[in-house]
Amino acid sequence: MIFKLEDVTVYFPYDNIYPEQYSYMLELKRALDAKGHCLLEMPTGTGKTIALLSLITSYVLSKPENPVKLIYCTRTVHEMEKTLAELKLLHNYQTRHLGPAAKILAIGLSSRKNLCVNSRVLAAENRDSVDAACRKRTASWVRALAAENPNIETCEFFENYEKAASAAVLPPGVYTLQDLRAFGKQQGWCPYFLARHMVQFANVVVYSYQYLLDPKVAGIISKEMQKESVVVFDEAHNIDNVCIEALSVSVRRQTLEGATRNLSRINQEIERFKATDAGRLRAEYNRLVEGLALRGNLPNAWLSNPALPSDILKEAVPGNIRRAEHFLHVLRRLVQYLRGRLETENVEKEGPVSFVASITAHAGIDQKTLRFCYERLHSLMLTLEITDTDEFLHIQTICDFATLVGTYTRGFSIIIEPFDERMPHIPDPVLQLSCHDASLAVKPVFDRFQSVVITSGTLSPIDLYPRLLNFHPVVSRSFKMSLTRDCICPMVLTRGSDQLPVSTKFDMRSDPGVARNYGKLLVEMVSIVPDGIVCFFVSYSYMDEIIATWNDSGILKEIMQHKLVFIETQDVVETTLALDNYRKACDCGRGAVFFSVARGKVAEGIDFDRHYGRLVIMFGVPFQYTLSKILLARLEYLRDTFQIKEGDFLTFDALRQAAQCVGRVIRSKADYGMMIFADKRYSRHDKRSKLPGWILSHLRDAHLNLSTDMALHIAREFLRKMAQPYDKAGSIGRKTLLSQADLEKMTNDGSINEMLY
């Protein structure tokens, strides 16, 4: 359908549109007009991806005088593929109506592992090994040697790509990762380098969060992006955690041992070069003296980060690390110092300023030297022509750590723990540089691009995100779900059928009555709910404990008489296999139960739509491990800097995880499902009110304090109601599917505003 939204003609590839999609587009358009940032919460399964894509591409088409680039960030490769498939459908629709004028170039960018077509490189098992195998064949010095010695292996795809030079371009179109690989094979060009080259010319780029938020990667990939870009972070409810992980580093004994081996190897390389090609080391030294790093000949990854003060950007590499062997001495002293710090008996915590002062006093390395470590190592590895970069991850970690400590003075803590609190008898010292301020990683993105859109199905309470990320959105809205029938049925279960309260509170966890009541709840539910049931537990250890208890008391056997049981483990392959078989069991009518963990992989990205999830049970409130030293340091920082209370943040964090888990069951409006929050703490208003609005609007007062037998009665009623035929488009008063004619009529008679607000 094609309709007018204020002054923009929107091309939407479906015949009908949901009212919330229309209002979502309207708010998004206002944010684009204002050239500002926005926060939009839209229920899962209401088509937010297609609404986003069609509005932004239509906006660009109707305002050709200022072309805007769309940078769409997803969390997983699976989501990236889904987004590109939607965009392909939309692009075909637009070209059908507008002809060649609507042609755009849209590409997905991922790691070499997902884009490489050279079978010998792909034989390596993990991502770092694939990267190294690629560099061994494509580095400039390897290719120069191969020109003289034909026995040296190169990559024919990369050679062909280089030979094609400026002719190596992608014709307009939408390319998924699969399409890029197919195009690369057909032309004989390397898809990875082709995609990296085409990113600057593409109208739409879809890639991972890390490419914008991790300063090491962003400095290489995203520095060409123009300011007139719209950045979208999809499924962004955990964006603060992604930012914090991008700037946190942990160092263990294994890291330091590996770094020592790396330094010996680098030393051998330096000696070899001194004997054979001393001129090369001298040239590097001269280049650093002249400060060429500033003129862009050295990939200056960290310093392209505008969160740094501008005087840092003007400094040249300090004199004491310009010579390669001097730099090695500095790194050796740093590793020696860190090794000494790990020999501690007690937990230690200090800020970056005192830590740097201590390094200066004991190892004689000042802050400026630390700050340039990452860049100096990068330059040295290029000079020494090292290709097997996967062997040097340990020393890269140490330099990464040094640069972060030397750069930021606030928002970080250094925490040294002699052992893991959960296994105090095993010495496993770890030194963690942990970032507490999510706004440090995301500030450059807000400052640089004209509009940043943060969107997800669970952004409640929505007013906390601007405080956590330290920005001012021009639009901040949460949308409700318009439904013709109540197809969501949330319930809060506070006690078992024997009236004993149930909870995963620490003091009640090991109570056999709680485990028995949780088991009885599941036994009752498997006997009446058809197809698939998904259960989420608060942690892996708690899940193991409960399953063992159920097994001993015979509850598991009772469940198995009705449905098969599958369990998520920490092994990705096992979990994928379990999910696959769970789906097969639901498909063939045997029915199945899937046990999963609230902060695990399944809770984040797997959909249990239609018959794969008719009921989801959240056993407990998924709080973080509150004794973790890192979490305590972060809570203290949030309290002092942003005035966010510890309890508020912990509750917010636990309930966004719970909402993420239960939101997996509804993936479209024709779908239906029940959600049971099985913990007495959910009946408290201060906890419950932090759930998203679209769940709360269906949570009736009568469903707030249930026992197992009452929940069973409600579930029976709900399933009977859902089995009746229903009207998809909705009646006149409550339309949930709008056609083009409906939209035009409502715009003319002014009733559209009533529908929106």
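**Rings and strands**

Q: Which residues do ring pairs link into a cluster with Trp 550?
A: Tyr 518, Phe 537, Phe 595 and Phe 619 join Trp 550 in that cluster. Rings of Phe, Tyr and Trp (its six-membered ring) pair when their centres are within 6.5 Å; planes under 30 degrees apart are stacked, over 60 edge-to-face, the rest tilted.

Q: Before we go on, what sort of model is this?
A: A predicted one: local features need pLDDT of at least 70 and side-chain atom pairs pLDDT 80 or more, while totals for chains, interfaces and linings use all residues. Residues are numbered from 1 along each chain as its sequence is written, and side-chain values use heavy atoms, leaving out hydrogens and water.

Q: OK, how many aromatic pairs are there?
A: The count is 29 aromatic pairs. One of them is Phe 537 with Phe 595, whose centres are 5.6 Å apart, with 90 degrees between the planes, so it is edge-to-face.

Q: Why does that pair tie together separate parts?
A: Because Phe 537 is in strand E16 and Phe 595 is in strand E18, parts that are 58 residues apart in sequence. Strands (E, at least two residues) and helices (H or I, at least four) are DSSP runs, numbered from the N terminus.

Q: Are those two buried or exposed?
A: Phe 537 is buried, and Phe 595 is too. Buried is under 20% relative accessible area, exposed over 50%, partly exposed in between (1.4 Å probe, protein chains only).

Q: What about Tyr 582 and Phe 608?
A: Tyr 582 and Phe 608 make an edge-to-face aromatic pair, 5.8 Å centre to centre and with 90 degrees between the planes.

Q: Where do they sit?
A: Tyr 582 is in helix H27 (residues 572-587), and Phe 608 is in the loop between helix H28 (601-605) and E19. The pair links distant parts of the chain, 26 residues apart.

Q: And why do they count as buried?
A: Tyr 582 does because its relative accessible area is 0%, and Phe 608 because its relative accessibility is 1%.

Q: Changing topic: what order do the strands of the open sheet have?
A: The order of its 7 strands is E17-E18-E16-E19-E20-E15-E21, with parallel pairing. Two strands pair if DSSP finds at least two bridges between them.

Q: Which strands are at the edges?
A: Strand E17 (564-567) and strand E21 (706-707), each of which pairs on one side only.

Q: Over how many bridges do E16 and E18 pair?
A: Strand E16 (residues 532-537) pairs with strand E18 (residues 592-597) over 6 bridges, in the parallel sense.

Q: What is the bridge partner of Val 534 in E18?
A: Phe 594 is the bridge partner of Val 534 there.
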